[in-house]
Amino acid sequence: GGYYRGSSILLTGTAGTGKTTLAGYFANATCQTGQRCLFFSFEESQDQLLRNMRSIGLNLEPWVKKGLLQFHSSRPTLQGLELHLLRVHQHVDEFKPRAVIFDPISNLSMAGQVRDVQAMVMRLVDFLKNRQITALFTSLTEDRGQPDRKEVSTSSMVDTMLLLRDFETNGERNRGLFI
């Protein structure tokens, strides 16, 4: 049946493992049920996200036109963490989504210290859980074979952690999903 309403999910992986793609499918699944989804992007604009999703056969534009999917794109360095948090609260209060996506939450480290980002994520998780809004956070990781310190400390705040990995065997690249 999926995730419980108000759950928080952390989707981690290195570049190119499909984090944003899975986030797009999460948004699509939310909208298919007639519920609203709010997508915060810290790397790509709405147009880039829509184009990239179309290139893999996922057309999110109808949901935008129906008012079920809303994108907000901004660079973390343009605002401090508190202003980002305030804007999230404002957008959630105005749009009243059932699901919220943050892609990638790891980019917020450019706007503050690791401890401050962790505190902000904890406040986001609490804020969304209190409103019964399901949250999907993506996080870019380094390719070291082990989760880094940010992931381990953030993973304790969420209900589910999904790890995407690349595997290369016999010259073939495959992706793996660990839950």
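**Close-up views of a predicted model**

**View 1. Cysteine 37 sits across from leucine 69 of strand E3.** This is a predicted model, in which local features need pLDDT of at least 70, side-chain atom pairs count only at pLDDT 80 or more, and totals for chains, interfaces and linings use all residues. Residues are numbered from 1 along each chain as its sequence is written, and side-chain values use heavy atoms, with hydrogens and water left out. Helices (H or I, at least four residues) and strands (E, at least two) are DSSP runs, numbered from the N terminus. Strand E2 (residues 37-41) runs parallel to E3, and the two are joined by 5 bridges; strands count as paired if DSSP finds at least two bridges between them. Helix H2 (residues 46-54) packs on the sheet here and touches both E2 and E3, with its direction at about 125° to that of E3. H4 packs on the sheet too, touching E2, E3 and strand E4 (99-103), and its direction makes about 160° with that of E2. Contact means heavy atoms within 4.5 Å. Axes are lines fitted to C-alpha atoms, for helices over the stretch in contact, and angles run from 0 to 180 degrees between N-to-C directions.

**View 2. Here is the open sheet, built from 7 strands.** Read across, the order is E3-E2-E4-E5-E1-E6-E7, with mixed pairing. Strand E3 (69-73) and strand E7 (172-178) are the edges, each pairing on one side only. On average, neighbouring strands are turned by 15° against each other, direction ignored.

**View 3. Arginine 131 and aspartate 93 form a salt bridge, 3.7 Å from N to O.** Arginine 131 is in the loop between helix H5 (114-130) and strand E5 (134-140), while aspartate 93 belongs to helix H4 (residues 81-95), so the pair links distant parts of the chain, 38 residues apart. A salt bridge is a side-chain nitrogen of Lys or Arg within 4 Å of a carboxyl oxygen of Asp or Glu, and the count by this rule is 4. Arginine 131 is partly exposed at 39% relative accessibility, and aspartate 93 also has 39%. Buried means under 20% relative accessible area, exposed over 50%, and partly exposed in between (1.4 Å probe, protein chains only).

**View 4. Aspartate 159 meets lysine 129 in a salt bridge, at 2.5 Å from N to O.** Aspartate 159 lies in the loop between helix H6 (149-155) and strand E6 (160-169) and lysine 129 in helix H5, so this pair ties together parts that are 30 residues apart in sequence. Both count as partly exposed, aspartate 159 at 46% and lysine 129 at 26%.

**View 5. Helix H1 (residues 19-32) has 14 residues.** After H1 comes glycine 34, with a positive phi near 80°.

**View 6. Residues 147-153 have pLDDT under 50.** pLDDT is the predictor's confidence in each residue, from 0 to 100. The model has 11 contacts beyond four places in sequence for this stretch. Where pLDDT is low, the predicted coordinates should not be read in detail.

Technical notes:
The expected span of a helix is 1.5 Å times one less than its number of residues.
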